[in-house]
Amino acid sequence: MKRIALFLLTNLAVMLVLGLAVNLLGLNRFLTANGLDLVGLLGFAAVMGFGGALISLLMSKPMAKWTTRLEIINGSNHPTHAWIVSAVERFSRTAGIQTPEVGIYQGPPNAFATGAFKNSALVAVSTGLLESMTREEVEAVIGHEVAHVANGDMVTMTLIQGVMNTFVVFLSRVIGYFVDKVVLRNTSDRPGMGYYATTIVLDILLGVLAALIVAWFSRQREFRADAGAAQLMGRKQPMVNALARLGGLDPGEMPKSLAALGISSRPSGLMALFSSHPPIEERMARLNAGTKA
């Protein structure tokens, strides 16, 4: 409950900041007596679309630490901690990035990487992952997360989300204006109920379509990260074994703000189209087909 409340409060804070920004910049005045100002609307849509995505990206690392109650283990003398940090350091050198912060959190088998920049990222593993996998399999999962960082996946997904958000905001208001003025023949200088009703409905419908597209891109990055883990380890079998192990485990529910960052999820039916991760079987097949042992 605390994590959900924190997630909702964060989103509310982001919307308040964006609302203040568009008011100060005058980007909320795209409906004029002379019609729809498309340039002004595009500016409004870009601020709303990219603003939320960029703020979420910049807040991702502190939010991850807060919501998972993460224990940072860089510099720890504990043998298990030292081994995990050593693996992250080794893979980071191979990938050509600075060593991320490394953390452990209490929870079911999972892991994630987050952070706004390649050279100031965070890689975390759960206690459930450490307890249920061999060291080689855990290292494969760590390699997967380091590959996410090296590929710049957090920034890429933010940009894709920003573009999708911008199109949703822009198109819903253009179509809403058309419905209000042309279909419903509203002759007032002010937008009518047709504009507001159409905009609300299209924000939802186009938002669902945008979520499908973003989820598809997210699934493609998981294939790349699996292959990246195999390359960092020098062979594919540890990653294949780790995926097989995950296929028999319940990855548990991660905080919504981190769900797309985990190593595994288990969607089914229609919800698979909205999943940030492909099915484990598909990931194993793609890895076996695309990477030499």
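**Notebook: a buried histidine and the sheet beside it**

I began with His81, which counts as buried because its relative accessibility is 11%, below the 20% cut-off. I note at the outset that the model is predicted.

**Entry on His81**

I looked up the place of His81 and found it in helix α3. I then listed its contacts, leaving out residues up to four places away in sequence: His81 touches Glu71, Ile73, Ser76 and Ile104. With Ser76 there is also a polar contact between the two side chains, at 2.9 Å. I checked one C-alpha distance as well: His81 and Val102 are 21 residues apart along the chain, and their C-alpha atoms are separated by 8.9 Å.

**Entry on the sheet**

In what order do the strands of the open sheet stand? I read the order of the four strands as β3-β4-β6-β5, and the pairing is mixed. The edges are taken by β3 (71-72) and β5 (111-114); each has a single partner strand, so one side of each is left without a neighbour in the sheet. I recalled for this entry that strands of a sheet pair through backbone hydrogen bonds, either parallel or antiparallel.

I next took the pairs in turn. Strands β3 and β4 are antiparallel, with two bridges, and here Glu71 stands opposite Ile104 of β4. Both Glu71 and Ile104 were among the contacts of His81. Strand β4 (residues 101-105) pairs with β6 (residues 122-126) in the parallel sense, over five bridges. Within that pairing, Glu101 stands opposite Leu122, and Val102 has Val123 as its bridge partner in β6.

Is β4 largely enclosed or largely open? I found that four of its five residues are buried, so β4 is largely enclosed by the rest of the structure.

**Entry on the helices at the sheet**

Helix α2 (residues 38-68) lies across β3, β4, β5 and β6, and it runs at about 150° to β5. Helix α3 (residues 79-95) also packs on the sheet, where it touches β3, β4 and β6; its direction makes about 135° with that of β4.

Where does α2 kink? The kink, of about 55°, lies at Ser60, shortly before the proline Pro62. After α2 comes Arg69, whose phi is positive, near 55°.

**Entry on Lys61**

Lys61 is also placed in helix α2. Is Lys61 buried or exposed? I record Lys61 as buried, because its relative accessible area is 17% and the cut-off is 20%. Not counting residues up to four places away in sequence, Lys61 touches Glu101, Thr114, Gly115, Ser120, Ala121 and Leu122. Two of these, Glu101 and Leu122, are the residues that stand opposite each other in the pairing of β4 with β6.

**Entry on α5**

Finally I turned to helix α5 (residues 135-150), with 16 residues. Its end C-alpha atoms are 22 Å apart, which agrees with the 22 Å that it should span at 1.5 Å a residue. Since 14 of the 16 residues are buried, α5 is largely enclosed by the rest of the structure. Just after α5, Gly152 takes a positive phi of about 70°.

Methods. Residues are numbered from 1 along each chain as its sequence is written. This is a predicted model: local features need pLDDT of at least 70, side-chain atom pairs count only at pLDDT 80 or more; totals for chains, interfaces and linings use all residues. Side-chain values use heavy atoms; hydrogens and water are left out. Two strands pair if DSSP finds at least two bridges between them. Contact means heavy atoms within 4.5 Å. Axes are lines fitted to C-alpha atoms, for helices over the stretch in contact, and angles run from 0 to 180 degrees between N-to-C directions. The bend at a residue is the angle between axes fitted to the seven residues ending there and the seven starting there. Buried means under 20% relative accessible area, exposed over 50%, partly exposed in between (1.4 Å probe, protein chains only). A polar contact is a pair of N or O atoms within 3.5 Å; within protein, one must be able to donate a hydrogen and the other to accept it, and residues adjacent in sequence count only if both atoms are side-chain atoms. The expected span of a helix is 1.5 Å times one less than its number of residues.
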